[in-house]
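This briefing covers pockets and helix packing in one protein model. The sequence and structure come next, followed by the notes by topic.

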Amino acid sequence: MNSSEQPVTGRRKGRGQRRGRRVDAATRDAVAGLLADLPLRRDLLIEHLHRLQDTRGCLRAGDLLALADLLRIGVAEVYETATFYAHFDIREDEEPAPALAVRVCDGLSCRLQGALQLDSALRARLPPATARVLRAPCMGRCDLAPVVQVGKRHADRASAADVLALIDAGAFTPLPLVGESLDAYRARGGYRQLQALRDGALPVETVFAELEAAGLRGMGGAGFPTARKWRLVRAAPAPRYLVCNADEGEPGTFKDRVILEEQTHPFLDGLLLAAACTGADRCWIYLRDEYPAAHALLRREIAALEAAQLVEPGFIDLRRGAGAYICGEESALIESIEGKRGYPRQRPPYVAEAGLFGRPTLVNNVETLALVPTILAAGGARFGALGGEGFAGLRSYSVSGRVREPGVKQAPAGISTRQLIDDYCGGMAEGHQLLAYLPGGASGGILPASLADLPLHFGELEKHGALIGSAALIVLSDRDDLRAAVQALLEFFADESCGQCTPCRIGTEKMLALFEAPELDVSLLNELAALMRDASICGLGQAAPNPLTTALQYFPQHQLARKRDE
């Protein structure tokens, strides 16, 4: 046979080397050195990318090639993952190092406090060689709006002068958080129930019964009964895993950040109680990259738990997100932990059956887990009785916008927006009258002031086309431009669609384009909304129309129509 001919089997002879660019040996050794303390595992790809960018300031093409070689995976796999996440900055080897990143939050709450004007002022005063001014989605600090992130340091209630002062001082690292220590928490009874559970003095069924009596539900948005979910996972075959979703990217939501910063050990206690009740072999905490200070705090306190022998080293695996709203969806989050793009999975199977690495997985939100020790200490029935009439327990509401005292407010479940504003937030801001409110962040819809007495709870707002979700209340006043608010939310969804499914990828862009048209075609917009809800894979595409459809339902069309001089 001539050497140029192919065998009749159709099999091609193997090549002596890979096609494409060759790996530079020196670069490979340098990358290996930077990752020396991290296992070279495929699921740690995003952690490897973070390490490279934190050290080098960006992701160089040669470094990505070397990383693919070290992990023994295709270069395309590394690139498709790195380019999926907004926080990774990919550069050619010969490109100059990027200037300092100055990210201006353009979430709705920050826009209400002048973020767009601040963005313009910074662009005018910062030369490109000094800093890159970037618009960024919600940073989870809506009560402190407007917010700017300089490197990894946040400037809260920021002005241009504040940002320039941080740059002049070279203050680019997060301020350290000082939370309650492990010893202090244990001194007031912390981890006592966990020890009783492990010793057999506290039966698992008793824990389930207390959670049911408390009426505890998932606080991340879906509202699934917690005890029922834990039972489903416990009944599944081992090994089983637990994942905490700390990737709150919903605009207007910041309660989990506050809980992690101020109730670190109650949260970790709840995490370990959930692991013990479900028989989880390991736990993962997936924390959004916008919370670097909370990341450092968690690392420190997890290490303290290990030193105190309350957990085995490595039992709790802390992972960083990289700037992708879609990873708040539980299956997309699991894909990200596995080192992949955050694409939502088709269901069934559900993650409780086949989740992380194909194993049964319990996914819970930060607030849900942090409430567990309180419920067990107080008793489920007593906790449940704290809710409003007909509703169980307490929940944390993230309140921002036109109120005197924004922040995280723990209040009875089922409280109304009007009560929350008047009794917990000091009323409306000076000179502002309530016009509208978003009960569940960007995806929760927009309701008018006339519906401000509705209970903020699962099953109630849905009757009016809205959602409570993660209880992110953004308050709009008569001084705000309703059309601009809706457009900001539509822009957010168009930008954050992961692109996996056509109804969401094309639908979010088309909806924004139709909204920006000289005349609103309400019939076509509603038809598009129905299609997106019916055909999108996950909740992003299904909920993206909510701000527009509710605004069209409850407000005069002239408040949403494009002005003639625009």
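The model is predicted.

**Largest pocket**

- The space in the largest pocket amounts to about 1,300 Å³.
- Its lining consists of 48 residues, and those nearest the centre are Gly220, Gly221, Ala222, Gly328 and Glu329.
- At least two lining residues come from each of α11 (226–234), α12 (255–262), β10 (361–365) and α22 (539–543).
- β10 is the top contributor to this lining, with five residues.
- The lining of the largest pocket comprises 19 nonpolar, 18 polar and 11 charged residues.

**Second largest pocket**

- The second largest pocket holds about 810 Å³ of space.
- A set of 31 residues lines the second largest pocket, with Leu38, Glu47, His295, Arg299 and Leu318 nearest its centre.
- Each of α2 (45–56), β8 (280–287), α14 (292–307) and β9 (316–320) supplies at least two residues of this lining.
- α14 gives the most, with seven residues.
- Charged residues number 14 in the lining of the second largest pocket, alongside 12 nonpolar and five polar ones.

**Helix α10**

- Helix α10 spans residues 204–214, and its residues Val204, Val207, Phe208, Leu211 and Ala214 are buried.
- These residues lie on the same side of α10 because they cover an arc of only 125 degrees around the axis.
- The partners against which the buried residues of α10 pack are α9 (192–199), α11, α13 (264–278), α16 (366–378) and α17 (380–384).
- Glycine 215 follows α10 and has a positive phi, near 70 degrees.

**Helix α7**

- In helix α7 (residues 160–169), the buried residues are Ala160, Val163, Leu164, Leu166 and Ile167.
- The buried residues of α7 fall within an arc of 155 degrees when seen down the axis, so they line one face of the helix.
- Asp168 and Ala169 are exposed on the other side of α7.
- Strands β3 (100–105), β5 (148–150) and β6 (153–155), together with helix α6 (115–125), pack against the buried residues of α7.

Conventions
Residues numbered from 1 in each chain as written. Predicted model: local features only at pLDDT ≥ 70, side-chain atom pairs only at ≥ 80, totals over all residues. Heavy atoms only, no water. 1 Å grid on protein atoms, 1.4 Å probe; cavity = no way out; pocket = protein on both sides within 12 Å on 5 of 7 lines; lining within 4 Å. Points joined across faces, edges and corners; volume = space filled by probe spheres on them. Helix = DSSP H or I, 4+ residues; strand = E, 2+ residues; numbered from the N terminus. Nonpolar A, V, L, I, M, F, W, Y, C, P; charged D, E, K, R; others polar. Buried < 20%, exposed > 50% of the residue type's maximum accessible area, 1.4 Å probe, protein only. Arc of directions from axis to C-beta. Contact = heavy atoms within 4.5 Å.
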